[in-house]
Structure formats: structure tokens, C-alpha cells
Amino acid sequence: MSTSEGEFVGTPGSGSEEAALAALLAEGLAELKSMNWRVAPDRAVHLLGRVVRSTGPRHPLRLDALSGLARAFQRRAEVRADDDDLEWALIHLRTAAGEATETGSPAVATLRCECAAALLDLFLRRYGDQLPVWRDRLRSQVLQKLATARTCPDPKGYLEAAKRHLGGGLFNLADTAIPEEDPRLSLLNEAAYCLALDEPDAGEACEASPRVLRLSGQVLRLRGIARGSYEEVERGVRVLRHLCALPTGEQPGDSARLLSSSLEEAWLLSADQGLLAESLTWRRCAARDAPSGSALEAKRQLAVALCLAETVGLEVNGMEIDGLLEEASPAVSPTIRMEGWNPHEEMRDAKFCTVRGSRALRLGRWAEAEKAYVLGAEAIECALWCSPHPAAKDEALRLRGQMAPDLAYARYQNGAGALPLAVALELARYRLTSESLGPVLADELHRLEKLDPEAARRFGIHADRYRRIEKFVRSGHSNAALGTDPRRLWSDLIAHLDSIRGIVPGAAHFALPAFPWPDSLECLEEAAGQWIHQCVDGTSLVYLVCATPGSFAVAIPAGRADKARIVELPELSLGSVDSWVHGFWEALRTEARGWRTAFGTSEERVDACASKLYTIAMGPILTSLAESTDCRRIALVPCGLTAQLPLHAAWDSVSDESDERRFVIEDWALTYAPCANALAAAQRAARRTRVETVAIITDPARARCREPNDVVPASSDGPLREIPGQAPSTHHELQAIRTAFSRATVLSGDGATRSAGLDVLSTHSVTHLDCHGSRGDGTVYSMGLQLAHGVPLEAHEILGRRLTSSRLVFLSACDSATFARSLPDELLGLPSVLLQAGAAGVIGSLWPVKISAAAFLSGYFYRALAEQDAPHDPVAAFHTSVNHLRKATFAELRRDHPELAQSVGLPPDAISWKQPFAEPHMWAAFIYQGW
């Protein structure tokens, strides 16, 4: 912790005299009381710390000094936004509570209450930004299940069907609940201990003070959300009911707000519509009793609750909702507020606009929906501008990602043309990728300050000046009135960034954007159109949008951007996509535990999904493109959960009389990209690189869990020899690569370190990574790959390098292309990180694959790549190898890769003409991103 021990060293002015100690205590408390809330109370900390250091456990001034010192640290934590100060406050409150318990002081209950309040404050400060994420995920999944239940033929059986879909009344929170051993629960558990909530004879504390009731209700509610426990949330509801029933309860509006939030969360965990109806009653009380300063927010919360109730079928007054939505909407676009941008207020505006837009979409009010979503998007932009904190930034981007498909659908229904709609989608995709994968400016500035404080100061001046000018321009003022051209300021800022990277040692990658920036933020729309035109020079481009009310695609033929078309996809619903994705991952988790599922295996789900995707999505898209171009290469930009669909594995029957299937991948070369800008950058990288040097990185830990026998290369360029440490399938993957390319650098065993892996990635044109994927804490920066000794090579380390020599990275990990669950969009993951770092193409897998399939695919791929003439085309080699793998019989596999067939255990007596990898679940996981 940052506070030095020197603050607590010292003696009172006249030794240990009681009068001197009392004077110091009084002076410190008076200093604390008189301090302006914006000023850190350092002097009060110093004075009260001297009293604490000079008194023993049973001294009469000891408890007052400890509690005063704790309050001083809490005040300083508010001013500095420093968790260390809050931890110091907790230390002193724990000490005071412990000493009061030992001495039997009547102040013990008060001190324990203060300690619980500090613990709750620390939890909210550290993890409060995660609570909306857990709640939103839970709400979206529950609403989806309720929407499915609503389709039952008997309206009276709606609630019973809803509970049945929720698993008998309790939702499975495998993706949202915190494990009991998670340290995040320790703060709430300690707070519950301070309030005696876990004691066997603990009641609902009806006789407790309003403050204790409020703290108890909050702790139970938060711990219930974290654990996914209906019983605990419902217990918190009972406590808060007691609080609201007190005739002299303080802040009745605030108490009613807490109770209504708890009731909504209890409803989410139980599907009891009575709880939701009760929450509406308390929301109305909160709006009625709210003080003037928070009346607008209370009305907003009531409007949001009414929209939720309307969504799930409760009888509400639609006119009341319309009136509240209109009254509580932002009075002015956030981009033209000249003063006082606040990220929390902007996010509240954005969430409210999202709710209003969702209701308008549901009712078919397209113009109202577009207006609401546009205001929400502008509020998010303002939040991104004025909040450098990573957690706030992630929340804003997550909301922007959820909003983008619905905004696009509203614009589509309002008559937007295909190309303008594509430009709007590209802008949204670009903002998501550039902000999500770009550097965190606060972290970058902190690093630059250590390298060169003066350069950091000058950059701050340039950036602040540009932000002020940009805000002025967005308010509608002309450049003439401003007297300065924003484009020139932007150019100055870019030039200054270039000078920092060229002059300051160690800052070569300072503030590098995720993908190339335009010349000015003013011309983003023009730049987006240019990126689209660049991409379609050699490939068709398809944006796939799956929104709440419906789905569509924008298909842009190769070389014919003027022929862009909107393709309606009425049978592709968000509910069906959500159901398949979550059902598939639930099946994988169930199978990993050795259980059977009643909803079909993961393999059956993949095959069933592939059989429907052609009819509901890929068929109409390909038909539209075939009418405008002969090019058979497509770059797909899927939005949201559609990125987890195996679109390239869609198939159609050859004829009604035949069982023969024709897969999309047989006739079309499909690649994926997070946005057109990323694809254009990958195309440029492909033109400047060649397939010349190959490197292989293997992870011994992954190898040991794969096969019983082990082999490992003796050296980076020498022959391969069999010793313990690596699986035979890995050995023959390497042998296949070395057969295709005579010289290959191999890192394995203790040599496959993080630093060596980074060096190889940045210097070789092809890198094959055969190792476990690592999810880290679920964010994109912590995703990575496990290397030697279990040390992960994380995404943020890859982002620190520029892979200017990398033509291709082959991720032969279990589920290396799986996307981080906490990201704002599903296509943002490790492959996108590698594209941002400079790689032209990335091969990965959407879900865990069979080792034999990965091994044979590697063999076929590198053979096809080596047989090509320069310049090599990895996309064509990838699709050729997937089709080879899919059609290969047992006899052909033994003929093409005899050693590999033996090592992976192909049965020698298998029927020679059978195709072991023909079904989609064997090969559909493999995807190609980039160019």
C-alpha cells in the first residue's frame, strides 16, 4: 500500500500526557470535519495517526482515534480514488472492532457496522462495474427463455412454461455466478460476518437501525447476485421490506429503489411475476419520494422497469410508459453539451436510450427507435472521450456492441440504402475494434511518464487541445467561427505521436491504434467508404446483422460496391442464434463432466445447425452475390453471436432424391474479419510479406494431456527424435511441416518461453502454435496461449509487438478462436489481436476439436501451401485442405500420412472407403480470419 509508515510515527507534544493526546485527537477530528470534500485530509491522517501510535489497546482515546483515522482514510480514498487508502481504513476499523470486542465496549456494534460499510464500499469500488454485466447477462438469457416460453399454445400456461424453461424456477448461472473460492466474495463474506448475517440464529433484524438494515439488505443482495442464489437475494428483499416499513426511515426513496432492484433480481432468479409486479409498486414510491436532484433518474428507472414488465407480459399502461420515456429522455444530444461531461451520466443516458429504442423496435416504431439509438450511441462516444478507466470503457463498448445491430435494423426499416447502411455498420464495427483492441491510453501515458515525463506532458497538451476543439465542432460551430481547422490539429497530434515513437527510447509502439486511423475524426464516414471499396477489390464483402426484431445482410459484390444489396433473412432470428450458441456450449460443459444431455450432444447440435444455415442465411446471400459477380471469395463480417455460427459449414441437398450434400466451402472461399478496415490492413500486410520462414511452437503441458507416447525435436534445425515430453501427433504435425518446408525453427520444452515466442512471432512469416489456449480473466488483454512451464503468452504482450513479417499464424490450440465472453462483440478474440498486431491471416478453431482432425488438417494445409507458386495464397490452401480432410477416406489418410495415421490410432481394420472426418462437427470449427 502506498501510505508510508512515517505518517504514524511521532509522539505527542509533551510525552504521554493525556491532555496532549486529547488535544491532538481534537485537532485531528476538527481538521477532518472542516476539510473541503475535494481536498485530501493528509494533515488529519498525520495527527490521528500519531494518537493511534501513542496509545495502547485499552486507552480511553484509542477507539475514537482509530475510528477517526479510518474516516480520514475513507475521505482521502474518495478524493484520490485510491483503493490503498480504503484498505488502510479497513485495517483500522478491524483493529477498533477487535479491541472493542475484547474490552466489552458498547461501541462494538457501531464499529462493526462501519467496518461492514467500508467493506461494501471497497467491493463496489473494485467490482461494482461487473455487477451490471452479471445482471445484464442474466436478464438477457432469462428474457430469451421467457420469449421461448411465450410461444406455448396455452396462454394460461405461460408462467408454468417459463418456469419450466428456467429449469424449475432457478436459472443455471454457470456463466455468471462467482465460484465460492473467488476472492471477490471474501469482502462480502466479511461484511456479512460483521453484520452477523451468517450466524445460525440470525433473523431478519427487525429491531435493527435503518443503517444496519440498509447495509444488511445490500450485502445479501450483492452476495446473492454474485452467487446466483435466489434464496439469498430473497432474504435481502425481506430485510429491505423491513427498512421501507419503518415510519421514520431515512431516505425513503432510496430505500424503495434498493428494494425494487432486489425484487427484480429475485424475479430473474425465480420467474415469479408477483415479485416483478411488487417491484413496480416500489419503483413508483421511489419516483414519488425522490428528492428533486434525483427525480429524473427515479423516473427513468420506473420507465425501464415498466418496459421490462411489458416485455414479459405483465399488464401495464402503455401511455404511462410513453409519457415517462418522453419526460425522462435526454433533453439535448450529449455531443453538444459544452460543459460538464460525466462518464457515469453519459452511460445512464445511453442505457436509458437503449431501453427506449428496444421498446420502439418491438412496437415497430422505426423512426423513434433510430432516434433513441443514435442518442445512445452519441452518449457512449462522450463516455469514451471523458473516461480513460478500462472498466468504464469496457462497459461502454459492450453496450455499443449490443446496440449496433438494433440501430442498423431500425435504419434498414427506415429506408436506408445498402451502401450507406454498410458504411454505418463499418463505422460501428471500426469503433468496437479500435477501442476494444487499441491501447488503454491511461496505461500508455503512465508508461510514457516513466520513460519521458516531458514527452507525456506535451502529448497531454496536444490531446486535450484536440478534444476541446473536436467537442466545439460537434456542437455545430463552423471552423471559421473557431478560427482553427480541426484537421490541422489532428495532423499535429499524429505528428507529435510519430515524434514520440521515434525519439523516446522504449516508446516505439506508444498509442498505436488497433487499425489505421483516418486523417481526421471528421472524415470517418468517408474513410469507412474507402475501406469498403479497398476490400471488395478481390473479394465480396458481407455484413451479417442479427437484431432483436429480425435479421438481414448487406452483400457487396467483388469490385462492384455500387451493386450492394440488402438481403432479408426472416428465418434467422436472434432467439434461434442465442439458443444454438448457449445450448452448444452448455452441451460441451455437460459432456466435459461425463454427463448426458437431453437436448442432444454438441456434435449433433453442430450438424443440425449446419443443415439449417444454408436455408436461413447463406443460401439467400450467395444467390444475391452470384447474380452480380463471378468471384467466389467472400469476407464475412458477422455481428454479435452470429460470429460463433459455422457459416462456412452450411450445406444444401444436391437433389430431393439424393442424400448427397453440397457444402458452401466446396464452391466458395470464406474468410472472416472484425471489420473492413481490419481486412484492408490484412490485405496490405499480405502484399508486403512472403511465405519464407516457418516457426513451430509447442507446449509440453498440452502434449502430455494428449497422448501416452512422447516425442520432441532434438534441436531447432536437426532431426526429430523420440524422448518424453511431447505427443506423437504433435511430432508428426511438425514432421509434415518440415517435409513441406525444408527449414523450420522449432521451440518446444523449456525453449518455448514467452520471450522466445514473441521473437518468433515477430520475425517469421509463418508461425504454427500447438499449445493450449488461455482465457485469463475473460478480457481480450488476458487471452493467450500456454507456453513452457505453464506461463501464458497473453494478448497484451502480443499487442506490444508489430508482426510486420507475419503472413500467417496457425493456432492449433483447443479453442484458439473462441472469443472472450466479456467483450463487446463476439468476433473480438485472439485472432483479432494477431491481426491488429500485423499478421495478415490467422487460422484457429471455434471450439475444442479432435486432435486427429487438427493433425491431419495441418498436414494437408502445409502440403498445399508448399505446392503453390509465389506469392502464396493461404486462404486457397486452407480451403483446399479442409475439403481434403472432409472427403478423405481411411485408405487415403493412411496413404497421405502413414506415420500420423498410426500415431493417432486410426483403426487398421476400418473400412477403407469410409470418411472419418466427413461430418461438420469434425472440421467446421476451423476458420480463417484475415487475408
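Is Arg754 buried, exposed or partly exposed? Arg754 has a relative accessibility of 36%, so it counts as partly exposed; buried means under 20% relative accessible area, exposed over 50%, and partly exposed in between, with a 1.4 Å probe and protein chains only.

Before I go on, a word on the model. It's predicted, so local features need pLDDT of at least 70 and side-chain atom pairs count only at pLDDT 80 or more, while totals for chains, interfaces and linings use all residues. Residues are numbered from 1 along each chain as its sequence is written, and side-chain values use heavy atoms, with hydrogens and water left out.

Okay, back to Arg754. Its side chain meets that of Glu797 in a salt bridge, 3.2 Å from N to O. By salt bridge I mean a side-chain nitrogen of Lys or Arg within 4 Å of a carboxyl oxygen of Asp or Glu. Arg754 lies in helix H30 (residues 754-763) and Glu797 in helix H31 (residues 795-799), so the pair ties together parts 43 residues apart in sequence. Helices here are DSSP runs of H or I with at least four residues, strands are E runs of at least two, and both are numbered from the N terminus. Glu797 is buried, at 17% relative accessible area.

The count comes to 35 salt bridges. Take Glu326 and Arg356, with their closest N and O atoms 2.7 Å apart. Glu326 sits in helix H14 (residues 318-328) and Arg356 in helix H15 (residues 343-362), 30 residues apart. Glu326 is exposed at 52%, but Arg356 is buried at 15%. Both belong to a network joined by shared partners: Glu310, Asp322, Glu326, Arg356, Arg359, Arg362, Arg365 and Glu368.

Then there's Asp873 with Arg633, at 2.8 Å between the closest N and O atoms. Asp873 is partly exposed at 23%, while Arg633 is buried at 14%.

Now the cores. A nonpolar core is a set of buried Ala, Val, Leu, Ile, Met, Phe, Trp, Tyr and Cys residues joined through side-chain atoms within 4.5 Å. The largest has 85 residues, and Leu119, Val219 and Trp267 touch the most other members. Helix H5 (residues 108-127) gives the largest share, eleven residues. Leaving aside neighbours within four places in sequence, Leu119 is in contact, meaning heavy atoms within 4.5 Å, with Leu90, Arg94, Leu187, Glu190, Ala191 and Cys194. Apart from this core lies another, of 83 residues, including Leu641, Tyr672, Phe810 and Phe856.

On to the rings. Which aromatic pair is stacked, at 6.1 Å centre to centre? That's Phe73 and Trp88, with 20 degrees between the planes. The rule is that rings of Phe, Tyr and Trp (its six-membered ring) pair if their centres lie within 6.5 Å; planes under 30 degrees apart are stacked, over 60 edge-to-face, the rest tilted. Phe73 is in helix H3 (residues 62-80) and Trp88 in helix H4 (residues 83-103). Phe73 is buried at 0%, and Trp88 is buried at 10%. The structure holds 15 aromatic pairs, and ring pairs also link Trp366, Tyr409, Tyr412 and Phe552 into a cluster.

Last, charges over rings, where NZ of Lys or CZ of Arg is within 6 Å of the ring centre and within 35 degrees of the ring normal. Arg300 lies over the face of Phe352, 4.9 Å from the ring centre. Arg661 has its charged end over the ring of Trp651, 5.0 Å from the centre.
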